[in-house]
Amino acid sequence: MKIVTLEIGSRGLAGALLSNGDILCLTRADGHCNESPNPHLRSVREILEEDLLDFVREMLSRVETDQQLRERLVAAGDSIFSADSPLLAPVPNPSFILAQGLAYRNHLDEMNVPLPKEPASLIKAPSSITGPGQPIRLPVDHASMVDYEGEFCAVIGKACHRVNADDVYDYIAGYTIINDVSARDWIDAALDQNQTQMQAVRSWGDNMLGKQYPTFTPMGPWLVTRDEIADPHELHLTTRLNGEVMQSAKISDLIFRVEAFIAHYAQWYKFLPGDVISTGTPGGVGQGRDPKVYMRAGDVIEVEVTKIGTLRNPVVNAD
């Protein structure tokens, strides 16, 4: 099942893909499908918080199989939308985004960074989220070194704290894609091995700030529920800049598997429904190339993961 957020109103409305590619607006279809409308179908995050994925799955099944119901929804004109309808990020308002750093061996090789003994992470601001098809806006003061980082993500389905790695998948609602866009202006200082400890901490902190700009976390195009993907490590990630392949890797190339990464950080964090856990980026980023490649206004960046889809965003100058 593919869950989306339709770009309707200021906060969007929850939807799900039908088999023909059309999108069922769950929020509005509920009143046509059920005698007692459910008040918790307004957003994807609320659906996860209220454990309503099975309820949504049943709604979809009824709409797919009940021709009269389908005709009523079409006639209503407010419940079924075309496949090319604009979308927000599938979870546009997570409480928390945790991304794995130092994740793939070939990425560490290109950045000249040693393999970590334990998982590493960084936090991204939810205010940096944008949706599929929406522009990545180059920041006015730091537009010359903006890089792409295609990443595969898990979305938490129920509160997750102090869990064993073997049990992690019970807490995952599904999977999506982000592009961890990064202004690299501070990366040379962050990787300088000759700094004092305090200088290194400050430099790395500055580097993390380059990931927090508005639109620097494109997400989507949808959330694919966990039952659709037996083993996420069998998936393949590809990033293309203007059609040219820049990154290509199997998720199995991760140094720390999905369940190991989440279990490690769940020792401290209490992950909540809708939280996004990104698993890091493979080799091929622009900063690691010779010559270096950065995104420019007019470019189109795509991140594709098998069985999920393609997250596509144009790049523009800030207003």
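Leu 24 is buried in this predicted model, with a relative accessible area of 0%. The residue belongs to strand S3, which covers residues 23-25. Its surroundings can be described through its contacts. With neighbours within four places in sequence set aside, Leu 24 touches Ala 14, Gly 15, Ala 16, Leu 18, Ala 29, Met 59, Leu 60, Val 63, Leu 73, Ser 79 and Ile 80.

The protein contains eight helices and 19 strands. Its radius of gyration is 20 Å, close to the 20 Å that the globule rule gives for 319 residues, and the protein is therefore as compact as a globular protein of that length. The C-alpha trace spans about 70 × 45 × 30 Å along the principal axes. Of the 319 residues, 53% count as buried. Among contacts with a separation of 6 or more, 76% are made by residues 24 or more positions apart.

Helix H8 shows how one element is set among others. This helix comprises residues 258-265, and seven of its eight residues are buried, so that H8 is mostly covered. The buried residues are Val 258, Glu 259, Phe 261, Ile 262, Ala 263, His 264 and Tyr 265. Which strands do the buried residues of H8 pack against? They pack against strand S6 (97-101), strand S7 (120-124), strand S11 (150-156), strand S12 (172-179) and strand S17 (276-278). As a general point, an α-helix has 3.6 residues a turn, so residues three or four places apart point the same way.

Phe 261 and Tyr 265 belong to one aromatic cluster together with Phe 96, Trp 268, Tyr 269 and Phe 271. Across the whole structure, a search finds eight aromatic pairs. In one of them, the ring centres of Tyr 269 and Phe 271 are 5.9 Å apart and the planes stand at 35°, so the pair is tilted. The cut-offs explain this label, because planes under 30 degrees apart count as stacked and those over 60 as edge-to-face. Tyr 269 is partly exposed, with a relative accessible area of 27%, whereas Phe 271 is buried, with a relative accessible area of 0%.

Is Thr 130 buried or exposed? Its relative accessibility is 12%, and the residue therefore counts as buried, because buried means under 20% relative accessible area. Apart from neighbours within four places in sequence, Thr 130 is in contact with Ala 89, Pro 135, Thr 215, Thr 217, Pro 218, Met 219 and Asn 313.

Most residues other than glycine have a negative phi, and most peptide bonds are trans. Thr 215 has a positive phi of about 75° although it is not a glycine. Thr 215 lies in the loop between helix H7 (197-209) and S14, and at 12% relative accessibility it counts as buried. Asn 242 also has a positive phi, near 55°, and is a residue other than glycine. Asn 242 is placed in the loop between strand S15 (236-241) and strand S16 (244-250), and it is partly exposed, with a relative accessible area of 47%.

Where are cis peptide bonds found? One joins Gly 220 and Pro 221, with omega about 5°. Pro 221 is found in strand S14, residues 217-225. Another cis bond runs from Asp 290 to Pro 291, with omega near 5°. Pro 291 lies in the loop between S17 and strand S18 (300-305).

Technical notes: Residues are numbered from 1 along each chain as its sequence is written. This is a predicted model: local features need pLDDT of at least 70, side-chain atom pairs count only at pLDDT 80 or more; totals for chains, interfaces and linings use all residues. Side-chain values use heavy atoms; hydrogens and water are left out. Helices (H or I, at least four residues) and strands (E, at least two) are DSSP runs, numbered from the N terminus. The radius of gyration is taken over C-alpha atoms; the globule rule is 2.2 Å times the number of residues to the power 0.38. Buried means under 20% relative accessible area, exposed over 50%, partly exposed in between (1.4 Å probe, protein chains only). Contact means heavy atoms within 4.5 Å. Rings of Phe, Tyr and Trp (its six-membered ring) pair if their centres lie within 6.5 Å; planes under 30 degrees apart count as stacked, over 60 as edge-to-face and the rest as tilted.
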